[in-house]
Amino acid sequence: VQLDESGGDLVQAGGSLRLSCTASERIFGTYTIGWFRQVPRKGREFVARIRWDGRGTYYADSVRGRFTIPGDSADNTVFLQMNELKPEDTAIYYCAATHLKNRGGPYYMQATNYDSWGQGTQVTVSL
């Protein structure tokens, strides 16, 4: 599956952004989608994921309560709604897909367990 992220921008601290991850085929029923972010000289950090059946979401501690994967995601698009943004949220944000199902929760927090990746979208949060 091919993935394409969009929606990254420059925003002031406290603001909001909505990222989109559009897939080349239907997502739900097949792929678990993960959102990750990366800053220079660091590995990709897990942010959030939505389960392949669209029924389960999970968030990193650093974003829980501020970021959500909304329920209006379409068959081939997953959104990441980011509120109360902080300067430390500045990063390139990636979405990724894995077709493997029914693994334990920690499995989907590892970037190496995803098969397909988008090119990323830059989010910059200023003071």
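Figure 1. The protein chain exposes about 6,400 Å², an area that comes from the Shrake-Rupley method with a 1.4 Å probe; for residues, only the protein chains shown count as cover. Residues are numbered from 1 along each chain as its sequence is written, and side-chain values use heavy atoms, with hydrogens and water left out. Because this is a predicted model, local features need pLDDT of at least 70 and side-chain atom pairs count only at pLDDT 80 or more, while totals for chains, interfaces and linings use all residues.

The protein chain has eleven strands and zero helices. Helices (H or I, at least four residues) and strands (E, at least two) are DSSP runs, numbered from the N terminus. The radius of gyration of the protein chain is 13 Å, close to the 14 Å that the globule rule gives for 127 residues, so the chain is as compact as a globular protein of that length. The radius is taken over C-alpha atoms, and the globule rule is 2.2 Å times the number of residues to the power 0.38. Along the principal axes, the C-alpha atoms fill a box of roughly 40 × 30 × 25 Å.

**Figure 2. Burial, contacts and charges in the protein chain.** Of the 127 residues, 44% are buried. Buried means under 20% relative accessible area, exposed means over 50%, and partly exposed lies in between (1.4 Å probe, protein chains only). A contact means heavy atoms within 4.5 Å. Among contacts between residues at least 6 apart in sequence, 59% join residues at least 24 apart. The mean positions of the 14 positive and 13 negative charges are 6 Å apart. Lys and Arg count as positive and Asp and Glu as negative, while His and the chain ends are not counted. The place of a charge is taken as NZ of Lys, CZ of Arg, CG of Asp or CD of Glu.

**Figure 3. The open sheet with the order S1-S3-S8-S7.** This sheet has four strands with antiparallel pairing; two strands pair if DSSP finds at least two bridges between them. S1 and strand S7 (67-68) stand at the edges, each with a single partner strand, so one side of each is left without a neighbour in the sheet. Strand S1 (residues 3-6) is joined to S3 by four bridges, and Glu-5 has Cys-21 in S3 as its bridge partner. Strand S3 (residues 17-23) is mostly covered, with five of its seven residues buried. Six bridges join S3 to strand S8 (residues 77-82). Here Leu-19 stands opposite Leu-80, and Ser-20 stands opposite Phe-79. S7 and S8 pair over two bridges, and the partner of Phe-67 in S8 is Met-82.

**Figure 4. Strand S8 and its residue Thr-77.** Six of the six residues of S8 are buried, so this strand is largely enclosed by the rest of the structure. In a regular strand the side chains alternate between the two faces of the sheet. Thr-77, Phe-79 and Gln-81 point one way from S8, and Val-78, Leu-80 and Met-82 point the other way. Thr-77 has a relative accessible area of 10% and is therefore buried. Not counting residues up to four places away in sequence, Thr-77 touches Ser-20, Cys-21, Thr-22, Ile-27 and Phe-28. Thr-77 and Met-109 are 32 residues apart in sequence, and their C-alpha atoms are 20 Å apart in space.

Figure 5. Most residues other than glycine have a negative phi. Arg-41 lies in the loop between strand S4 (32-38) and strand S5 (45-50). With 83% relative accessibility, Arg-41 counts as exposed. The place of Glu-84 is the loop between S8 and strand S9 (91-98).
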